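Q: I'm new to this one and would like to go through it piece by piece. Can we start with the terms and then look at the chains?

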Amino acid sequence: MRYLPHTSEDIQYMLETVGVESLDALFSTVPPDCRREAPMDLPAPMDEWGLLAHMEALSVEGGGSPPGGSFVGAGSYEHFIPSVVRALAGRSEFYTAYTPYQPEMTQGTLQAIYEYQTLVTRILGLDAANASLYDGASALAEALLMAIRVTRRPRVALSRGVHPHHRQVVRTYLGPTGYEIVELPFGEDGTTDLSALKGGDDLAAVAVQSPNFLGCVEDLQAAAGRLHEEGSLLVASFTEPLAFGLFTPPGLQGADIACGEGQSFGIPQSYGGPLLGIFATRDKYMRNMPGRLVGKTVDVEGRRGFVLTLATREQHIRREKATSNICTNNSLCALAASIYLASLGGKGFRGLARLNYDKAEYLKSRLGGAGFEKAFKTPTFNEFVLKAPPGFDKSHARLADRGFSAGLPLGRWYPELENHYLLCVTETKKREHLDRLVEEMTS
Amino acid sequence: MKENQGTTGLVLNEPLLWEKGGRGREGFSMPEQDVDRAALPEGLTHEGPDLPDLSELDVVRHYTRLSQWNFGVDTGMYPLGSCTMKYNPKINEDLAQLRGFAGAHPMSPPEQCQGALRLMAELERYLAAITGLDAVSLQPAAGAQGELTGMLMIHAYHQDRGSQRTKIIVPDTAHGTNPASAALCGLRPVPVAVGGEGILSTADVARVMDGDTAGIMVTNPNTLGLFEENIHEIARIVHDRGGLVYGDGANMNAVMGVVDAGKMGVDVLHLNLHKTFSTPHGGGGPGSGPVCVTRELEPFLPVPRIVESGGRLVLSEDHPKSVGRLHCFTGNFGVMLKAYAYIRTMGAEGLGLASRLAVLNANYVKERLKGTFDLPYDRPCMHECVFSDKRQKDYKITTLDMAKRLMDYGFHPPTVYFPLVVNGSIMVEPTETESIEEIDRFIEAMESIAEEAAENPDLLRTAPSRTRLRRLDETAAARRPCLRD
Amino acid sequence: MKEIDELVLPEDVRYAQSHEWVKLEGGEALVGISDYAQSQLGDIVFVELPAAGEELTRESEFGTVESVKAVAELVSPVSGEVLSVNETLADEPEQVNKDPYGGGWMLRVKVSDAGEVDALMDAGQYLEVLKGLE
């Protein structure tokens with residue numbers, strides 16, 4: 001077997017050195033009451049060629065991109081990924097490396113993650129970013145737990161405009177600790193209705209997503225102003241950070257913590273994982289942050305280098321008093337995101353954001369003229385909600401069969417938005433795809 | 001002695017991203033502007049972030065040079081205890097790129113993703129078969145999140161029975177994520193020390209187990225590399241008082257095909273796909289930490305679950321006792337896919353042999369080095385063994401010094417200063433994918449270092465000398481943190 | 001790490017079992033950590049202290065002191081109100097290593113019960129405790 005180098009001579013020699021008769025004898029300390037009775041019930045091993053054929057067959061049933069095109073975002077975005085990302089993140093010095101606890105042997109990863117942290121702070125307009133969390137959902141949960149630690153208040157508010165799955169994960173994390181979660185509705189314009197908050201609510205934080213799940217760009221500046229008067233933190237989450245190539249980022253609007261999903265930055269959709277939890281905050285909260293942090297330093301000869309730092313916040317030192325239990329995070333995804341952002345550059349980032357916006361606006365207006373009303377008048381980025389003409393649900397199903405994912409029906413999470421669809425347009429859609437979709441949707 | 005494998009070579013310096021490039025350079029193939037530019041909304045937009053502009057070759061050289069400063073499993077051996085740094089098969093990397101998987105949207109209607117769902121459903125069955133438990137969730141994104149899931153389930157189980165408990169027993173050899181995860185569920189960790197033999201004693205557990213204790217978290221084999229021989233009785237003691245047994249499966253690589261976790265008395269176990277199941281470590285993730293449970297705990301598993309409905313597989317959230325959702329979608333599919341491919345490649349016999357060879361390798365290292373380094377527990381070990389720096393104290397040489405010197409010999413250091421119960425601990429886990437030549441070279445390097453400790457200790461104190469950078473100032477990094485430029 | 005005979009243990013302060021020292025000056029006490037404690041911790045990178053005005057009770061945790069690889073709780077050897085804290089430690093935590101009884105002082109406390117200070121150890125008694133730890 002090609003992954004197991006031992007020959008029977010090697011094994012014999014090693015057993016003699018150890019002083020046991022057989023491989024089985026190595027397990028003398030495993031008592032009978034722990035042992036398996038029968039061999040593991042697994043399929044027979046496959047050779048490399050059979051495995052490849054099997055996996056190709058599975059992948060064809062997989063989901064790929066439906067031939068007519070997928071126009072769904074909702075937390076997982078189809079973007080072009082330059083070949084340099086795979087070529088460079090696929091270098092085995094990066095992907096077979098361990099966590100950089102021994103910095104002299106891992107300066108490649110450490111500098112790349114330091115660069116990632118820097119790029120994230122610039123994109124979000126904040127001071128300090130961590131080396132990644134698992135995904136946007138757990139990042140939001142961690143952000144709220146951090147706000148609770150910082151303010152010492154046990155209540156948080158969560159906008160209904162936050163991705164429904166993110167809200168579920170927040171409830172899972174906050175459940176056993178007894179912290180209270182207040183849900184904030186969204187108004188007619190599709191943005192969070194803060195009027196539900198009265199003064200003296202004693203909230204640790206309010207979490208608002210922007211652009212939100214309904215595609216709408218929220219006024220974080222106004223929210224920040226109100227919350228800071230009460231001593232609450234503003235947690236601004238996101239699922240599509242490319243938006244900040246065009247729209248003002250959360251840090252510049254007064255958010256205290258910005259967290260969300262970074263999958264759009266050079267990471268394949270891959271049926272929902274691995275993803276990239278992005279997390280950033282202000283300098284004054286740095287020591288309260290969850291997750292690993294890479295810091296700049298020098299070596300004994302005064303040369304610039306990088307190390308993991310502020311580790312006393314983490315589980316391996318602080319144990320039950322740690323800021324989070326996270327250990328392995330999503331380092332390779334952060335690397336892929338950095339490579340992607342390096343390829344795009346500032347010019348490309350701004351250009352790509354604008355292109356997404358323009359194409360989404362084009363589809364929105366063409367469908368608007370064909371019986372699909374804009375649900376909300378608030379500006380959007382590359383996702384928007386349309387109210388379909390009656391009976392469209394049958395067409396939607398037919399279109400799915402014909403290979404078009406014509407938006408995500410929202411009734412399941414927002415019963416008041418029955419017959420409303422969340423559509424997403426990225427740079428992957430040419431004008432002819434958009435025109436074709438309009439034809440299909442209106443026929 | 002054979003030639004030292006560590007040497008120096010030409011490696012290039014490389015600045016930070018924004019220290020290179022030039023405004024206006026392009027590295028991205030921008031698609032055509034084939035629609036009109038739309039009007040921008042007032043007051044909401046801004047000029048965009050200040051990111052460096054680089055050409056494609058600028059980017060390629062940057063990351064290629066950075067990669068050359070890294071050591072990986074593909075470069076050489078990582079004898080890191082409890083990390084299981086085994087070889088990452090290349091075929092698995094290719095499989096993750098298959099378009100049908102890479103481009104799959106997780107919220108696609110089930111008809112469009114039967115392949116992905118089928119892979120996950122089969123992987124759940126395989127992990128159940130390997131562990132001897134009954135039901136699995138692949139959702140947790142890493143081992144720590146798997147532990148959190150396990151704690152949440154134990155919490156939910158007790159709540160369901162109307163018996164809310166506030167404590168959980170955690171051995172002093174536990175990985176830091178154990179008490180951290182317990183604390184996230186409001187469970188106060190109650191420490192229990194390993195006995196003189198390096199394993200838990202039934203008396204010590206019985207002494208602390210009571211009606212207010214939710215259960216116990218056990219790693220088996222433990223972080224001293226020893227099999228917790230009393231586990232069956234310990235599980236009985238915990239169960240008798242209504243508690244549950246959580247198994248930290250990080251060390252599963254020692255016991256595949258040998259042990260049945262269900263029979264041992266474990267109620268919920270997490271696995272690390274990026275350890276036992278060969279998926280790459282990625283410089284710190286992504287990993288995957290599935291949880292496996294008994295039939296009794298199945299109702300509490302996270303949602304969505306993969307179920308059969310109308311002849312096909314679907315995702316179902318209709319499980320009222322579930323602890324809820326942990327991940328935005330269904331977990332790290334791209335990682336699961338590699339573990340699935342690994343299991344399909346190895347089969348039951350291959351996995352069983354992998355464990356046996358992992359244990360052989362570790363025992364071989366233990367026998368060969370116990371004359372040179374202090375071995376706190378001179379007993380048969382599993383897939384890892386623990387030494388200490390006690391014998392080198394006379395030369396004022398520490399584990400840290402020896403670890404840094406090992407780099408000059410072309411090896412990544414073993415796990416150091418963990419577990420905490422051994423002062424100056426050195427935890428060595430070769431894994432089964434290392435050949436006898438590589439292991440012998442490692443042993444010779446360690447023996448050489450022990451000699452250097454006696455004869456030339458300054459060499460160790462100033463090590464490493466062959467790496468691009470030498471010892472880095474972690475104190476300055478923590479005193480005046482600089483996390484970005 | 002220092003050897004036991006290298007440790008500085010001034011006679012004019014009292015010592016707690018948890019390695020804090022107290023120097024009584026009238027009704028006020030200066031509090032810090034001993035030379036043994038700073039030597040064990042290694043290079044100190046961060047000190048977390050309470051705010052002025054907070055009430056402390058003897059043997060309760062009042063803060064933490066961190067090195068690169070370790071965190072230790074600071075346990076109050078006396079009860080009373082915190083009058084002031086050493087602000088320079090925010091930028092120069094290394095003072096605790098360099099001058100644990102002088103520039104590395106941590107709190108000034110208005111002692112509510114001077115008897116608590118008498119109950120602490122003198123330098124000789126503390127040295128015996130440290131020898132026992134070896």
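A: A term first: helices (H or I, at least four residues) and strands (E, at least two) are DSSP runs, numbered from the N terminus. Also keep in mind that this is a predicted model.

Q: OK. Where is B:Pro304, then?

A: B:Pro304 sits in the loop between β7 (291–293) and β8 (305–309) of chain B.

Q: Switching to backbone angles in chain A: what is phi of A:Ser132?

A: Near 125 degrees, which is a positive value in a residue other than glycine. A:Ser132 is in the loop between β2 (128–129) and α6 of chain A.

Q: Now the interfaces. How many residues of chain A are in contact with chain B?

A: On the chain A side there are 186, and they are in contact with 198 residues of chain B. The two chains bury about 17,000 Å² between them, and carbon and sulfur atoms give 63% of that.

Q: How many salt bridges are there between chain A and chain B?

A: Twelve salt bridges are counted between chain A and chain B. One of the pairs joined in this way is A:Glu301 and B:Arg470, at 2.6 Å from N to O.

Q: Which part of chain A gives the largest share of the side that touches chain B?

A: Helix α10 (residues 331–368) of chain A does, with 26 residues. By class, the side of chain A that touches chain B has 90 nonpolar, 57 polar and 39 charged residues.

Q: How far apart are B:His46 and B:Leu353?

A: In sequence they are 307 residues apart, and in space B:His46 and B:Leu353 are 60 Å apart, C-alpha to C-alpha.

Q: On to chain C. How many of its residues are in contact with chain B?

A: Nine residues of chain C are in contact with five residues of chain B. About 600 Å² is buried between chain C and chain B, 42% of it on carbon and sulfur atoms. In chain C, the residues that lose the most area to chain B are C:Val45, C:Val68 and C:Glu94, together 58% of what that side buries.

Q: What about salt bridges between chain C and chain B, how many?

A: The count is three. B:Glu474 forms a salt bridge with C:Lys69, and their closest N and O atoms are 3.0 Å apart. Six residue pairs are in polar contact across the interface of chain C and chain B, both residues at pLDDT 80 or more. The side of chain C that touches chain B has four nonpolar, one polar and four charged residues.

Q: Next, pockets. How much space lies in the second largest pocket?

A: About 1,400 Å³. The second largest pocket is lined by 41 residues, and those nearest its centre are A:Arg149, A:Asn288, A:Arg318, A:Lys321 and C:Glu48. Its lining has 19 nonpolar, eight polar and 14 charged residues.

Q: Which elements supply at least two residues of that lining?

A: Among them are α6 (136–151) of chain A, β3 (188–192) of chain B and β4 (44–48) of chain C. The largest share of the lining, five residues, comes from β6(C).

Q: And how many cavities of 30 Å³ or more are there?

A: A search of the whole structure finds 13. The largest cavity holds about 110 Å³ of space. It is lined by 13 residues, with B:Asn220, B:Ala261, B:Met264, B:Val266 and B:Leu269 nearest its centre. β5 (244–248) and α9 (261–264) of chain B are the elements that give two or more residues to the lining of the largest cavity. That lining divides into eight nonpolar, four polar and one charged residue.

Technical notes
Residues numbered from 1 in each chain as written. Chains lettered and ligands numbered in written order. Predicted model: local features only at pLDDT ≥ 70, side-chain atom pairs only at ≥ 80, totals over all residues. Heavy atoms only, no water. Contact = heavy atoms within 4.5 Å. Buried area = accessible area lost by both parts, 1.4 Å probe. Salt bridge = Lys/Arg side-chain N within 4 Å of Asp/Glu carboxyl O. Polar contact = N/O pair within 3.5 Å; in protein donor to acceptor, adjacent residues only side chain to side chain. Nonpolar A, V, L, I, M, F, W, Y, C, P; charged D, E, K, R; others polar. 1 Å grid on protein atoms, 1.4 Å probe; cavity = no way out; pocket = protein on both sides within 12 Å on 5 of 7 lines; lining within 4 Å. Points joined across faces, edges and corners; volume = space filled by probe spheres on them.
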